[in-house]
Amino acid sequence: ANTKFNYLSFCLKIKEMDDEDYYFISCGEPLPRLLSGNYHYRQVLRGRHKARKEFTAMRSAVTSKLEFMEIKRVQDISFQLERLMRYLHEYYSWTGRRLLDGNVFPIEVDLDLNTSFTQSYTPDECEDEETKEKIR
């Protein structure tokens, strides 16, 4: 962040110096920086050039790191999806083998003699009140 602000401050300083030059030219006065040998202006230009190099180097480093992070994220997602597919395949294979190996059907159920699905009661045929309430 400091490199970016350093570069931008040099750009602003050069812009201010150029605006000052335009002002003196529009007034018809000689440029003060030319009278001093243009030393300060050249120094600011060198500083801007150096700051620009540092800024572009840092920006390219950050850009490459972001690209590497994106590549890593995509690889991680694909790795996680591959793991998920492998585990699902193992689970479905395991359950398929269990269903084929086991003799599950027909299922035998031992029903009590009191349970009857063919006989139906109406509330009038029941003797006690509790049974009548349960049926209703």
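The following legends describe close-up views of a predicted model.

**Figure 1. Overall architecture of the protein chain.** The protein chain contains four helices and zero strands. Its elements follow the pattern α-α-α-α when read along the sequence. Of the 136 residues in the protein chain, 12% count as buried. Among contacts between residues at least 6 apart in sequence, 59% join residues at least 24 apart.

**Figure 2. Packing of helix H1 against helix H3.** Two packed helices are described by the angle between their axes and the distance between the axes. For H1 and H3 the packing angle is about 150°, and the axes are 8 Å apart. H1 is therefore roughly antiparallel to H3, since angles over 145 degrees are placed in that class. The crossing in which H1 passes H3 is left-handed.

**Figure 3. Residues at the contact of H1 with H3.** On the H1 side, the contributing residues are Thr 3, Lys 4, Asn 6, Tyr 7, Phe 10, Cys 11, Lys 13, Ile 14, Met 17 and Asp 18. Their partners in H3 are His 40, Tyr 41, Val 44, Leu 45, Gly 47, Arg 48, Ala 51, Arg 52, Glu 54, Phe 55 and Met 58. By class, this contact of H1 with H3 comprises 11 nonpolar, four polar and six charged residues.

Figure 4. Side chains of opposite charge can pair when their charged atoms come close. The structure holds two salt bridges, and one of them joins the side chains of Asp 19 and Lys 15, with an N to O distance of 3.2 Å. Both residues belong to helix H1, which spans residues 2-27. Because Asp 19 and Lys 15 are four residues apart in this helix, about one helical turn separates them. Asp 19 is partly exposed, at a relative accessible area of 37%. Lys 15 is likewise partly exposed, and its relative accessible area is 47%.

**Figure 5. Salt bridge between Arg 73 and Glu 70 in helix H3.** The side chains of Arg 73 and Glu 70 form a salt bridge, with 2.7 Å from N to O. Helix H3, covering residues 39-101, holds both partners. Arg 73 and Glu 70 lie three residues apart, about one turn of the helix. Arg 73 has a relative accessible area of 43% and is partly exposed. Glu 70, with a relative accessible area of 40%, is also partly exposed.

Figure 6. Asp 21 is located in helix H1. The relative accessibility of Asp 21 is 6%, so this residue counts as buried, the limit for that class being under 20%. When residues up to four places away in sequence are not counted, Asp 21 touches Leu 31 and Arg 33.

Figure 7. His 49 is partly exposed, with a relative accessible area of 47%. Lys 50 has a relative accessible area of 55% and therefore counts as exposed, for which a value over 50% is required. The C-alpha atom of His 49 is separated by 8.9 Å from that of Phe 10, and these two residues are 39 residues apart along the chain. For Lys 50 and Tyr 7, 43 residues apart along the chain, the C-alpha atoms are separated by 8.4 Å.

Methods. Residues numbered from 1 in each chain as written. Predicted model: local features only at pLDDT ≥ 70, side-chain atom pairs only at ≥ 80, totals over all residues. Heavy atoms only, no water. Salt bridge = Lys/Arg side-chain N within 4 Å of Asp/Glu carboxyl O. Helix = DSSP H or I, 4+ residues; strand = E, 2+ residues; numbered from the N terminus. Buried < 20%, exposed > 50% of the residue type's maximum accessible area, 1.4 Å probe, protein only. Axes fitted to C-alpha atoms, helices over the stretch in contact; angles between N-to-C directions. Parallel < 35°, antiparallel > 145°, perpendicular 65-115°, else oblique. Left-handed = near helix turned anticlockwise from the far one by under 90°. Contact = heavy atoms within 4.5 Å. Nonpolar A, V, L, I, M, F, W, Y, C, P; charged D, E, K, R; others polar.
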